Amino acid sequence: HRFMVMALDRTTGRTVWEHMAAEQEPHEAGHFENATWASGSPITDGQRLFAYFESFGLYAYDMSGKMLWQKDLGDKRMRNQFGEGSTPVLHGNTLVVVWDHLNGESWVAAFDARDGKELWRVPRQEIDTWATPLVINVNGRDQVIVPAMRRLRAYDLENGNVVWESDGLTMNPIPSPVTEDGIVYLM
């Protein structure tokens, strides 16, 4: 399987650049209704593009397609081979990745978007999370809200400390949290 990153001209549809980020054989099957191992959405701040293929790597490119850095985060094991599909969240120069899975250590980590350096990592006792985290600012401090089955948690974006937590959601947290008028909605 080839994991490709492409930039398309949105006016003409012409390929501006494309690069193969990785070429690997998947270590487990994906969901039968999803024919791709590239379910995570690419994200950009207008200067860099981040492509996250989970078990197949995290990649940062400049807008002309030059690879800036890459990370191999290991292999995820998803329950019932449902497949991987989460997307990191980018806030300023901080990229937050949630790595919740069935067999092995689950964690949430922040990386410096400029060079890929890991800023912090917090272990979690969670399985199979697909939701994209949400960053909010509360009283001048940025928090990253991460839904999960056992516990909902808000982590301090600067250092990973838990700011608050509450009961978790049902199994398979897929919808991403949203906020409006000072309220965070998780489902």
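Reader: Is Phe50 buried or exposed?
Author: Phe50 is buried, because its relative accessible area is 1% and the cut-off for buried is under 20%. Keep in mind that this is a predicted model.

Reader: And Trp69, buried or exposed?
Author: Trp69 counts as buried, at 7% relative accessibility.

Reader: How many aromatic pairs are there?
Author: The count comes to 5 aromatic pairs. One of them is Phe50 with Trp69, with ring centres 6.1 Å apart. Their planes stand at 50°, so the pair is tilted.

Reader: Where in the chain do those two sit?
Author: Phe50 is in strand β4, residues 48-52. Trp69 is in strand β6, residues 67-71. They are 19 residues apart, and the pair links distant parts of the chain.

Reader: What lies over the face of Trp107?
Author: Arg121 does, at 3.9 Å from the ring centre.

Reader: New topic. How many salt bridges does the whole structure have?
Author: A search finds 10. Among them is Asp100 with Arg124. Their closest N and O atoms are 2.8 Å apart.

Reader: Which parts does that pair tie together?
Author: Asp100 lies in the loop between β8 (94-99) and β9 (106-112). Arg124 lies in strand β10, residues 118-124.

Reader: Are Asp100 and Arg124 buried or exposed?
Author: Asp100 counts as buried, at 0% relative accessibility. Arg124 is buried too, with a relative accessible area of 3%.

Reader: What does Arg153 pair with?
Author: Arg153 forms a salt bridge with Glu126, and the closest N and O atoms are 3.3 Å apart. Arg153 is in strand β13, residues 151-156. Glu126 is in the loop between β10 and β11 (134-138). That puts the two 27 residues apart. Both Arg153 and Glu126 are buried.

Reader: Which residues are in the salt-bridge network?
Author: Glu126 and Arg153 are linked there with Arg151, Glu165 and Asp167.

Reader: What about Glu158, which side chain does it meet?
Author: Glu158 meets Arg141 in a salt bridge, at 3.5 Å from N to O. Glu158 sits in the loop between β13 and β14 (162-167), and Arg141 in strand β12, residues 141-146. They are 17 residues apart.

Reader: Is Glu158 buried or exposed?
Author: Glu158 counts as exposed, because its relative accessibility is 60% and the cut-off is over 50%. Arg141 is partly exposed, with a relative accessible area of 37%.

Reader: Now the surface. Which residues make the nonpolar patch?
Author: Met4, Met6, Leu8 and Met20 make a patch of about 360 Å².

Reader: Which strand gives the most to it?
Author: Strand β1, residues 2-8, gives the most, with 3 residues. Met4 is found in that strand. At 34% relative accessibility, Met4 counts as partly exposed.

Reader: Let's zoom out. How many helices and strands are there?
Author: The chain has 0 helices and 16 strands.

Reader: How much of the chain is buried?
Author: Of its 187 residues, 44% count as buried.

Reader: Last one. What share of contacts comes from residues 24 or more positions apart?
Author: Among contacts with a separation of 6 or more, those residues account for 46%.

Key:
Residues numbered from 1 in each chain as written. Predicted model: local features only at pLDDT ≥ 70, side-chain atom pairs only at ≥ 80, totals over all residues. Heavy atoms only, no water. Helix = DSSP H or I, 4+ residues; strand = E, 2+ residues; numbered from the N terminus. Buried < 20%, exposed > 50% of the residue type's maximum accessible area, 1.4 Å probe, protein only. Contact = heavy atoms within 4.5 Å. Patch = residues over 30% accessible without salt bridge, like charges linked within 9 Å, V, L, I, M, F, W, Y side chains within 5 Å. Areas by Shrake-Rupley, 256 points an atom, 1.4 Å probe, with all protein chains shown as cover. Salt bridge = Lys/Arg side-chain N within 4 Å of Asp/Glu carboxyl O. Phe/Tyr/Trp six-rings, centres within 6.5 Å; stacked < 30°, edge-to-face > 60°. Lys NZ or Arg CZ within 6 Å of the ring centre and 35° of its normal.
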